[in-house]
Amino acid sequence: MTTSSVFEKWFPVTSDFGLIDAPLESISELYQSWWTDIGKEVSVKVSTGILDEQFNALLPLTIGLNRALILPTISNWTAFFRNGIQGSDPSSAMPVLAKQLNARTMRVCIAREPQKYPAVIWEVYEPTIICGERAGTRRSIAAANDGGNWVFETSGRPYAFEKTNRYTLTRKRDRFDRDMLTEYISHFGVPCIGDALFQTDALLEGRLISFPNWENAKNFTLEEVTARVPWER
């Protein structure tokens with residue numbers, strides 16, 4: 001697929017990623033310590049390059065998620081990506097980072113091909129436990145194809161800006177879409193999703209954190225994942 005958008009080119013890496021309201025260096029240090037403490041041999045590298053080059057440093061893609069890329073954005077938020085074949089799996093990392101950094105974090109998911117099941121998901125994690133909600137989860141909204149059938153799910157207290165009248169539309173896939181997600185995160189100072197969230201043509205300085213992959217974990221190129229090789233072999 002030919003595209004002028006770097007963000008679109010790097011689906012699925014960019015289809016499901018994290019946002020952290022904390023400085024890049026603090027995130028990098030904590031993420032490194034997290035894996036070091038559980039016995040991983042961690043490597044941290046200052047990653048410099050334009051946006052496409054930064055994502056290229058995540059290759060190969062793997063189910064092992066053994067590389068993380070932490071990048072500055074044009075907002076006060078820092079972006080978090082990993083080299084997963086189905087996205088960056090931020091839902092496993094964002095709650096921990098929220099607690100340890102004492103900062104708000106988010107999961108932003110707009111999944112389409114090559115992911116098997118499309119979805120639009122937004123999750124907000126707070127650094128403290130919110131009474132009556134899952135530990136750390138402030139708000140979660142998801143419209144997703146779950147094995148062939150669309151589901152719509154929410155948890156946590158709605159924000160005042162939410163378009164709750166949309167949540168009763170007949171088609172579940174229409175109850176929460178990309179435009180709504182983009183509007184919702186704008187209330188937190190994140191102006192957009194995609195290339196414009198970064199200084200696309202400028203040199204970005206991020207952090208690439210890596211550790212050895214699982215034993216026997218298969219590696220894939222971006223082209224193989226886009227062609228659905230991991231699922232159709």
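Where is the place of Glu-162? In the loop between β9 (149-156) and α5 (178-186), and one of the views below takes a closer look at that spot. A quick word on what you're looking at: this is a predicted model, where local features need pLDDT of at least 70, side-chain atom pairs count only at pLDDT 80 or more, and totals for chains, interfaces and linings use all residues. Residues are numbered from 1 along each chain as its sequence is written, and side-chain values use heavy atoms, with hydrogens and water left out.

**View A. The open sheet has nine strands, in the order β2-β10-β4-β5-β1-β6-β7-β8-β9.** Pairing here is antiparallel; two strands count as paired if DSSP finds at least two bridges between them. On average, neighbouring strands are turned by 20° against each other, direction ignored. Axes are lines fitted to C-alpha atoms, for helices over the stretch in contact, and angles run from 0 to 180 degrees between N-to-C directions.

**View B. Strand β5 (residues 78-82) is mostly covered.** Five of its five residues are buried, meaning under 20% relative accessible area; over 50% is exposed and anything in between is partly exposed (1.4 Å probe, protein chains only). In a regular strand the side chains alternate between the two faces of the sheet. Here both faces are covered: Thr-78, Phe-80 and Arg-82 sit on one side, Ala-79 and Phe-81 on the other. Ile-20 has Thr-78 as its bridge partner, and Leu-19 stands opposite Ala-79. Strand β4 (residues 67-72) also pairs with β5 in the antiparallel sense, over five bridges, and there Pro-72 is the bridge partner of Thr-78. A hairpin of five residues takes the chain from β4 to β5.

**View C. Helices α2 (residues 24-37) and α4 (residues 90-101) pack against each other.** Two packed helices are described by the angle between their axes and the distance between the axes. For this pair, the angle is about 110° and the axes are 11 Å apart. α2 and α4 are therefore roughly perpendicular; that label covers 65 to 115 degrees, with under 35 degrees counting as roughly parallel, over 145 as roughly antiparallel and the rest as oblique. From α2, the contact is made by Ser-26, Ile-27, Leu-30 and Trp-34, and from α4 by Ser-92, Ala-93, Val-96, Leu-97, Gln-100 and Leu-101. Contact means heavy atoms within 4.5 Å. As for the sheet, α4 lies across β1, β5, β6 and β7, running at about 5° to β1.

**View D. Val-120 is in strand β7 (residues 119-125).** At 12% relative accessibility, Val-120 counts as buried. Ile-110 is 10 residues away in sequence, with the two C-alpha atoms 4.6 Å apart. Leaving aside neighbours within four places in sequence, Val-120 is in contact with several residues, including Cys-109, Ile-141, Phe-176 and Leu-181.

View E. Beyond neighbours within four places in sequence, Glu-162 is in contact with Trp-122, Arg-139, Ile-141, Tyr-167 and Tyr-184.

View F. The peptide bond from Phe-11 to Pro-12 is cis, with omega near 15°, and Pro-12 lies in the loop between α1 (6-9) and β1. Leu-59 and Pro-60 are also joined by a cis peptide bond, with omega about 0°. Asp-89 isn't a glycine, yet has a positive phi of about 50°; this residue, in the loop between β5 and α4, is partly exposed at 31% relative accessible area. Asn-102, not a glycine either, has a positive phi of about 55° and is exposed, at 59%.

Notes
Helices (H or I, at least four residues) and strands (E, at least two) are DSSP runs, numbered from the N terminus.
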